[in-house]
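Have a look at the sequence and the model first.

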Amino acid sequence: MDLEEGIKRINGTILVEIQGFFTERYINLCRINNVKIWNIQNISGGIIRFNIAIKDFKKLKSITKKTKCKVKILGKKGIYFKCFKYRKRRIVILLLASFIFLCFLSNSFIWKVHVTGNEYLKESDIIESLKESGVYVGRSKIGLKTKKVINNLRVLQPDISWVGIDIEGTNVIVNVVEKTKLKENININGIGDIVSNKCGIIQKITVENGTAIPSVGDYIEEGRILIEGKIYSNTLETKDVCAKGIVTIKSDYEFKKQYSYKVQEKEYTGKTKYSIGFTLNDKENYINYLDKSLTYDIIKKDSKIELFGNTISFDLYKFNLYNNTEKLITKEDILQIAQDESNIYIQNEILPGCRNGYIEYIDVVVEDENEEGLTVKIIYHIIEEIGQFKERI
Amino acid sequence: MSKLRKNGKKLFKKINFKKKVSEVRNRFIETLDLPQELSGQCVRITMIQNMQILIEGKNNIIDYYDNYIKLQAQSMYLQIDGTNLKIAEITDQEALITGNISNVGFINR
């Protein structure tokens, strides 16, 4: 079945019954005259039924005359007949037409402007400039000249070196390439010293250029010169250079927290409640029929859509009822909890700020132990590289 | 002139050009090892189990009943027996018959 034939069938098909003596001849004549018929069924002697496309039905007239058969229409299917049936329901037709028109109309406007590729330029500034250039939420896509907008935007934002505007459906995606700014006031080859930016005990000093001031094992404080940008000589004059080198220190970081032997624990009752709601720009709204005296764990499943620059999500809430119970834990449990918490703290907060830092060893100290609880102090001894170049004025 | 025409027609009949042309065509196909259906005088029949039968080539329906269909397929008659036989599609070049086919037979014209 080719595409043309398929469209014919969608438009409308008729189930026809033929009654006569020459049904075989009728089928042959249909075949010869290029009248497409299908699903031919022999009901009884001299009666056949078949389907025919609405366009070919008129061609049956001459064949019927030739074979002296009787034609009966048994059924009608397809868009043409449906339209004919509902032709008097004007409101439905009007609503359908207005719906199609609204769909077309809503698709011809810009609903969202998305800016990508900006690093130091603010998105809000670019959107403001775009608005001045003629691209904003609510503007019609028809007649939008992107070249003109790009030129205007480059004039308004001189820090932009290249702009690309893509219109994808109702979204406008603005790709921006910013001008590279040269780092000012940094002169690495200038004369200066390496200064400590942390305090600790020096483990190792490797000097590339200049003279090391403290020696290994010394305790240094923040702001002290580690490598001086000077080369001293007994025979020659003192020479000012740019200090270079690596200084490794051992510094201590402390994690201290008070723990109680009594711990609150959630005990789920197994009772769950469900609710629905929606979130508009991070504001949650849901049908709340929960008992305020009870405690619930809330699990939220959402499906987001973006409309006119606003995020709307339709949410399904699941509330698990639980009771708070008190539980007694041992000192070993507290120490384990403290170690886990301190590990997370060190890995997330301290180590990312250390240059080539690693933990050498850990000290665990228990303080203020009494009947109610205790205080755990964990000291991390970290080996790291320090030093900051400071230009000499 | 009229005599010449008459003699020409007689000669044409005697030689039987139609037969000659078909013979030459068959020989040509045989020598080049081409498929037989290219001669245009063959019918290609494809069957899917006993549910469907597709007949490609010019064919006329001679008899059509619920349990028996007789087709004229080029130089022979094709007889299909079975139950619930339907002609699912029929065009100038092919016919698709569906149903429970029990027997397919050939009868020379």
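Predicted model: local features only at pLDDT ≥ 70, side-chain atom pairs only at ≥ 80, totals over all residues.

A:Lys377 and A:Glu254 form a salt bridge, with their closest N and O atoms 3.8 Å apart; the term stands for a side-chain nitrogen of Lys or Arg within 4 Å of a carboxyl oxygen of Asp or Glu. Since A:Lys377 sits in strand β21 of chain A and A:Glu254 in strand β15 (residues 244-260), the pair ties together parts that are 123 residues apart in sequence. Strands here are DSSP runs of E with at least two residues, helices are runs of H or I with at least four, and both are numbered from the N terminus. A:Lys377 is buried at 17% relative accessible area, whereas A:Glu254 is partly exposed at 45%. Buried means under 20%, exposed over 50% and partly exposed in between, using a 1.4 Å probe and protein chains only.

Residues are numbered from 1 along each chain as its sequence is written, chains are lettered from A and ligands numbered from 1 in the order in which they are written, and side-chain values use heavy atoms, leaving out hydrogens and water.

How many salt bridges are there over all chains? The count comes to 15. Here are some of them, including the one we started with.

| Pair | Closest N to O distance |
|---|---|
| A:Lys377 and A:Glu254 | 3.8 Å |
| A:Glu384 and A:Lys198 | 2.8 Å |

A:Glu384 bridges to A:Lys198. That pair links distant parts of the chain, 186 residues apart: A:Glu384 is in strand β21 (residues 373-386), and A:Lys198 is in the loop between β8 (192-195) and β9 (200-209). A:Glu384 is buried, at 1% relative accessible area.

Now for the helices. The axes of α6 (residues 123-133) and α7 (residues 146-156) of chain A come within 9 Å and cross at roughly 130 degrees. Axes are lines fitted to C-alpha atoms, for helices over the stretch in contact, and angles run from 0 to 180 degrees between N-to-C directions. α6(A) and α7(A) are therefore oblique to each other; under 35 degrees would count as roughly parallel, over 145 as roughly antiparallel, 65 to 115 as roughly perpendicular, and the rest is oblique. On the α6(A) side, A:Ile126, A:Ser129, A:Leu130, A:Glu132 and A:Ser133 meet A:Val149, A:Asn152, A:Leu153 and A:Leu156 of α7(A), where contact means heavy atoms within 4.5 Å.

Further along, A:Val263 lies in strand β16 (residues 262-280) and is partly exposed at 29%. What does A:Val263 touch, leaving aside neighbours within four places in sequence? A:Thr325, A:Glu326, A:Lys327 and A:Ile329 are its contacts. A:Thr325 is 62 residues away in sequence, yet the C-alpha atoms of A:Val263 and A:Thr325 are 8.1 Å apart. A:Asn324, in strand β19 (residues 310-328), is in contact with A:Gln264, A:Glu265 and A:Lys266, again leaving aside neighbours within four places.
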